[in-house]
Amino acid sequence: MTRLLPGIFAMAAIVVASNILVQFLFGQWLTWGAFTYPLAFLVTDVMNRVYGVAAARRVVLAGFVVGVICSFIGTQIQGEFGPLVTLRIALGSGLAFLGAQLLDVAVFDRLRAGRWWRAPLASTLIGSSVDTLVFFTVAFSGTLSVLDPGNDVSWAGEMLPLLGVGPQVPLWVSLALADWIVKLALSLIALVPFRLIVRDRKSTGHCAGLRNSQRLGDFVLAHGYLREDHVLDNDLPLWVPIPALAEIQVALEDAVEEVTQLEGYGLKRIMRTGTVATIDNRNWELSDQTGPVQRLSQSRAIALDMESATIAANGFRFRVPYGTLLCVSDRPLHGELKLPGMASDFYKTQVARHLAIGVRAMELLRDMPLERIHSRKLRSFEETAFL
């Protein structure tokens, strides 16, 4: 939860600022709040890209709570024509924010596999359009006056030229159109900070997927290791098995489920469990593969990298709990090498998720009772017990 605090604080600040600035006019058709509120979609999209759907929804709900508090305070403040926030404005604001932001989260997640700009742009455009439509319709449309009969909004229904130059329409339609245009413009501008924030986020733990059914960006949870790294052979003979540790495995799998919001077959489709091979030849896929491929096939390995078995072996050697969750970055046995520009956008998205999963797994392990995370499984029968 701590990792979400920057997003929650940013969302809360935007909601509070927008509720204050909406009282100050900017020209004839806008308020200053129209320029700050669309930034809420930027916060939602960044959280969605970096931490996933569940995190983005939590940030949205936090913003909604802050908005409700602001609306309640506004209903208690009397202005020249009554409360600063009427029932219809409060209702329209809450419905528009919650509906539009959750729709933004859903659309972004659906399109996250495409080019980097497609998900934030499409989700913000759709969310902004819904936000404007819902708010101005609920707050000012004459057809919904039954929601708050005591509140006179007849001024919003005055027939005037659209934005002062078009056909005759109710005033609230011009206000809505001006607000929508600003949101569209800011959705394009917001692509710049979005790209700057998320482009340099990297994760360690890349591997080559060895099965034809794997895709770039899929996860691999190691439950065994094939050691061909030749790093610790003299300290830990190859005949010593390196077992998986149940508590670490469960924490990693639970973290994947939480961050991806998948379960059952959906989770199995993006995460394989099996043997991970580690070799010391970084160019193995560019040389004769006859020997390595035969050994990989015999070991039933599902992924290959340059360090996982080394790290696990060292953890076993020094009685330090270990675990491995990798992200498939290339498939050399199936024609997809790790070359510049070959990583798919889905893989780039999974890199951010990979980092979030690692953080969440550490949180789950931290919250486990101390007696469950111990070195007992890594000690020989002649060693003295210690935590």
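Tyr322 touches Tyr225, Ile242, Pro243, Leu245, Ile248, Ala312, Gly315, Phe316 and Leu378, leaving aside residues up to four places away in sequence; contact means heavy atoms within 4.5 Å. This is a predicted model, in which local features need pLDDT of at least 70 and side-chain atom pairs count only at pLDDT 80 or more, while totals for chains, interfaces and linings use all residues. Residues are numbered from 1 along each chain as its sequence is written, and side-chain values use heavy atoms, with hydrogens and water left out.

Tyr322 is also among the residues with the most contacts inside the largest nonpolar core, together with Phe219, Val220, Ile242 and Leu325. This core has 70 residues, and its largest share, 8 residues, comes from helix H3 (residues 39-51). A nonpolar core is a set of buried Ala, Val, Leu, Ile, Met, Phe, Trp, Tyr and Cys residues joined through side-chain atoms within 4.5 Å. Buried means under 20% relative accessible area, exposed over 50%, and partly exposed in between (1.4 Å probe, protein chains only). Helices (H or I, at least four residues) and strands (E, at least two) are DSSP runs, numbered from the N terminus.

Strand S8 (residues 219-228) is largely enclosed by the rest of the structure, because 8 of its 10 residues are buried. S8 pairs with strand S9 (residues 271-279) in the parallel sense over 9 bridges, where pairing requires that DSSP find at least two bridges between two strands. Within S9, Thr278 stands opposite Arg227. S8 and strand S11 (residues 325-330) run antiparallel and are joined by 3 bridges; Leu325 in S11 is the bridge partner of Leu221.
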